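Thanks for coming. I will walk through a few local features of one protein chain, so please have the sequence and the structure open while I talk.

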Amino acid sequence: MTNINDIARLAGVSVSTVSRVLNNYKYVAEEKREAVLKIIEEMNYTPNKNAIDLIRGETRTIGVILPYNNNQAFDQLLNGILNKAVEHDFSITVLPSKYNKEKELEHLQRLKSKPFDGIIITSKANDWETIIPYSKYASIVACEYTHHSEIGCSYIDRYASYIDAFQLLKNKGHSKVAFTTVRRESLSTDQMITAYNEIFGELPPDYHISGCQCLEDGYEAAKQFLQLPERPTAIYANGDEVAGGMYLYAKSQQLKIPTDLAIIGQENQPIGIGLGLSTVDHQLTKVGEQACSLVIEKSRDKVKIPYRIVERDSV
């Protein structure tokens with residue numbers, strides 16, 4: 001089987017020259033480049049990717065730990081990552097975790113054998129103290145804020161966005177406000193509860209439903225909220241698709257939006273635009289793009305992406 005040493009011998013050049021040609025380095029004399037390419041074509045040589053990666057010291061591949069692949073927010077993050085990866089000729093390997101701690105650690109363990117130049121964690125199951133030791137093998141970048149110097153991050157100030165969203169509803173005259181989240185045990189849920197308490201006081205236990213990810217979940221959550229003896233007059237949904245389900249249930253009960261029920265969602269998704277739902281846009285595509293740039297640049301910077309609140313007819 002032909003190898004890089006054979007190519008070098010037949011072309012009359014050094015092995016390092018062949019490797020520079022294979023890696024498209026600019027500074028190779030044209031006659032040497034043509035001699036190498038001619039032998040490669042004659043021998044029908046296919047370069048060994050692992051060998052090239054070893055020579056180059058990088059794989060131009062990034063792993064992305066993704067809890068779910070059917071979630072609009074994670075889809076936006078992944079879309080941003082892919083945008084930047086294509087722009088810089090990097091490949092992306094999706095590493096599904098479903099918030100399983102052991103599976104997440106399996107993905108991080110792979111960094112020891114250098115299959116990736118780095119890993120982007122879109123959302124984590126383990127604590128940072130467990131994750132940080134793996135950063136000595138390759139870059140690890142988070143899509144949430146972390147103060148740890150070993151981890152770069154691209155993030156939004158979720159707490160500030162929750163404060164602004166609840167304040168908007170309060171300014172519209174609402175005091176009975178409910179909300180939904182994906183996971184009950186998570187940093188973002190803790191931040192949302194704290195923000196709620198700051199704006200409205202103590203959270204009534206029936207005014208928070210977790211486990212909401214899709215339109216059907218939003219429909220069922222709205223049904224549950226609106227059957228309470230003291231039903232909320234406004235709901236903050238953890239995604240526009242969830243908010244869309246709430247809108248559909250409210251309409252099925254002949255409720256007027258926003259007179260009878262105000263709804264605000266998240267992430268400025270197509271369903272929300274189509275239904276005229278107000279939304280908190282965390283610009284997750286930009287978060288993903290910046291996270292990918294940090295891995296490519298091997299940077300541990302902390303980059304904050306601004307959020308924006310888009311007011312439409314639903315509040």
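I begin in the loop between helix 11 and strand 9, where you will find Pro-258. The peptide bond leading from Ile-257 into Pro-258 is cis, and its omega is near 5 degrees. Keep in mind that this is a predicted model.

Now step back to helix 11 itself. Helix 11 covers residues 240-252, which is 13 residues. From first C-alpha to last it reaches 18 Å, close to the 18 Å expected at 1.5 Å a residue. Which residues of helix 11 are buried? They are Asp-240, Val-242, Ala-243, Gly-244, Gly-245, Met-246, Tyr-247, Tyr-249 and Ala-250. The elements that these buried residues pack against include strand 6 (177-180), helix 10 (215-226) and strand 8 (234-236). Strand 9 (262-266), helix 12 (270-275) and strand 10 (278-281) are also among them. Just after the helix, Gln-254 has a positive phi of about 60 degrees.

Next, the start of the chain. Helix 1 (residues 4-11) meets helix 2 (residues 15-22), and also helix 3 (residues 30-42).

Take helix 2 to begin with. Its axis and that of helix 1 come within 8 Å and cross at roughly 105 degrees. The two helices are therefore roughly perpendicular. On the helix 1 side the contact has Ile-4, Asn-5, Ile-7 and Ala-8, and on the helix 2 side Val-15, Val-18, Ser-19 and Leu-22. Sorted by class, that is six nonpolar residues, two polar and no charged. Within helix 2, the buried residues are Thr-17, Val-18, Ser-19, Val-21 and Leu-22. After helix 2 comes Asn-24, with a positive phi near 60 degrees.

Now helix 3. The axes of helix 1 and helix 3 come within 9 Å, crossing at roughly 120 degrees. This pair therefore counts as oblique. The crossing is right-handed. Which residues make the contact between helix 1 and helix 3? Helix 1 brings Ile-7, Leu-10 and Ala-11, and helix 3 brings Ala-35, Val-36, Ile-39 and Ile-40. By class, this contact has seven nonpolar residues, no polar and no charged.

Beyond helix 3, Tyr-45 sits in the loop that runs to helix 4 (49-56). Is Tyr-45 buried or exposed? Its relative accessibility is 13%, so Tyr-45 counts as buried. Leaving aside neighbours within four places in sequence, Tyr-45 is in contact with Thr-2, Asn-3, Ile-4, Ile-7, Leu-22 and Ile-40. Tyr-45 and Glu-30 are 15 residues apart in sequence, and their C-alpha atoms are 20 Å apart in space.

Another tyrosine, Tyr-137, lies in the loop between helix 7 (128-131) and strand 4 (139-142). With a relative accessible area of 25%, Tyr-137 is partly exposed. Its C-alpha is 9.4 Å from that of Leu-108, which is 29 residues away along the chain. Not counting residues up to four places away in sequence, Tyr-137 touches Leu-111, Lys-112 and Lys-114.

That brings me to Lys-114, in the loop between helix 6 (101-109) and strand 3 (118-121). Lys-114 is not a glycine, although it has a positive phi of about 60 degrees. At 45% relative accessibility, Lys-114 is partly exposed.

Lastly, Lys-298, in the loop between helix 13 (284-296) and strand 11 (302-304). Its phi is positive too, near 55 degrees. Lys-298 counts as exposed, at 51% relative accessibility.

Notes
Residues numbered from 1 in each chain as written. Predicted model: local features only at pLDDT ≥ 70, side-chain atom pairs only at ≥ 80, totals over all residues. Heavy atoms only, no water. Axes fitted to C-alpha atoms, helices over the stretch in contact; angles between N-to-C directions. Helix = DSSP H or I, 4+ residues; strand = E, 2+ residues; numbered from the N terminus. Parallel < 35°, antiparallel > 145°, perpendicular 65-115°, else oblique. Left-handed = near helix turned anticlockwise from the far one by under 90°. Contact = heavy atoms within 4.5 Å. Nonpolar A, V, L, I, M, F, W, Y, C, P; charged D, E, K, R; others polar. Expected span 1.5 Å × (residues − 1). Buried < 20%, exposed > 50% of the residue type's maximum accessible area, 1.4 Å probe, protein only.
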